[in-house]
Amino acid sequence: MRNRFTLAAAPALVCAALITLTSSASAQQHDPATPLAVASKVALRGEANGIAVREMRIVRKNDILVVQADMANMGRTDRTVFYRFKWLDNVGNQVGDGESWKQLSVLGLGQQTVKSVAPTGAAVDLRLEMNVER
């Protein structure tokens, strides 16, 4: 009887542990130098590995969103960053076909600015997707 309870509760405990690990891991992905307002626009695939998005400027020119983001390498070794912008409409659906991944080298303790323009005026929000190699 005692073993049945233990076995029945095991999947629930495993799920709870996975949810806890997943939420704590995603909260730690961004570099601490990335402001929270900017971090909400960044979708990391993996660890930041010392790359911080320190500032993101978004303006609307002729009804089209334009963005510039400053990526800073907080470490002394050079990093390769793969990134793309994903443009979203007012309900969160993707606008356009999506950009291709771009490669960028950020020198140790250096900073690079990346830019993009929304494909249509329907874009009202964006996400910067990035993957940083070790």
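This is a predicted model: local features need pLDDT of at least 70, side-chain atom pairs count only at pLDDT 80 or more; totals for chains, interfaces and linings use all residues.

Me: Is Asp70 buried or exposed?
Reply: The cut-off for buried is under 20% relative accessible area. Asp70 has a relative accessible area of 8%, so Asp70 counts as buried.

Me: What is the strand order in the open sheet of three strands?
Reply: Strands β2 (51-61) and β6 (111-117) are the edges, each pairing on one side only. The twist from one strand to the next averages 15°. The pairing is antiparallel, and the order is β2-β3-β6.

Me: How many bridges join β2 to β3?
Reply: These two strands run antiparallel, with β3 covering residues 64-73. One of the pairs is Ile51 with its bridge partner Asn73 in β3. The number of bridges joining β2 to β3 is 10.

Me: How many bridges join β4 to β7?
Reply: Strand β4 spans residues 79-88 and runs antiparallel to β7. Tyr83, for example, has Met130 in β7 as its bridge partner. The number of bridges between β4 and β7 is eight.

Me: How far is Asp31 from the nearest side chain of opposite charge?
Reply: Asp31 lies in the loop between α1 (2-27) and α2 (36-39). A salt bridge needs a nitrogen and an oxygen within 4 Å. Asp31 is buried but has no salt bridge, and the nearest side chain of opposite charge, Arg54, is at 7.2 Å.

Me: Which residue has its backbone nitrogen 2.9 Å from a polar atom of the Asp31 side chain?
Reply: Beyond four places in sequence, Asp31 is in contact with Ala48, Gly50, Ile51, Ala52 and Met74. The backbone nitrogen at 2.9 Å from the side chain of Asp31 belongs to Ala33.

Me: How many residues apart in sequence are the parts tied together by Arg45 and Glu129?
Reply: The two side chains meet in a salt bridge of 3.6 Å, N to O. Arg45 is partly exposed at 44% relative accessibility, whereas Glu129 is buried at 11%. Arg45 is in the loop between β1 and β2 and Glu129 in strand β7, so the separation in sequence is 84 residues.

Me: Which residue forms a salt bridge with Glu55?
Reply: Glu55 is partly exposed, with a relative accessible area of 39%. The closest N and O atoms are 3.0 Å apart, and the partner is Arg57.

Me: How many salt bridges are there by this rule?
Reply: Among them is the one between Asp63 and Arg60, at 3.2 Å, N to O. Lys41, Asp125 and Arg127 are linked in a network of salt bridges. The count comes to eight.

Conventions: Residues are numbered from 1 along each chain as its sequence is written. Side-chain values use heavy atoms; hydrogens and water are left out. Helices (H or I, at least four residues) and strands (E, at least two) are DSSP runs, numbered from the N terminus. Buried means under 20% relative accessible area, exposed over 50%, partly exposed in between (1.4 Å probe, protein chains only). Lys and Arg count as positive and Asp and Glu as negative; His and the chain ends are not counted. A polar contact is a pair of N or O atoms within 3.5 Å; within protein, one must be able to donate a hydrogen and the other to accept it, and residues adjacent in sequence count only if both atoms are side-chain atoms. Contact means heavy atoms within 4.5 Å. Two strands pair if DSSP finds at least two bridges between them. Axes are lines fitted to C-alpha atoms, for helices over the stretch in contact, and angles run from 0 to 180 degrees between N-to-C directions.
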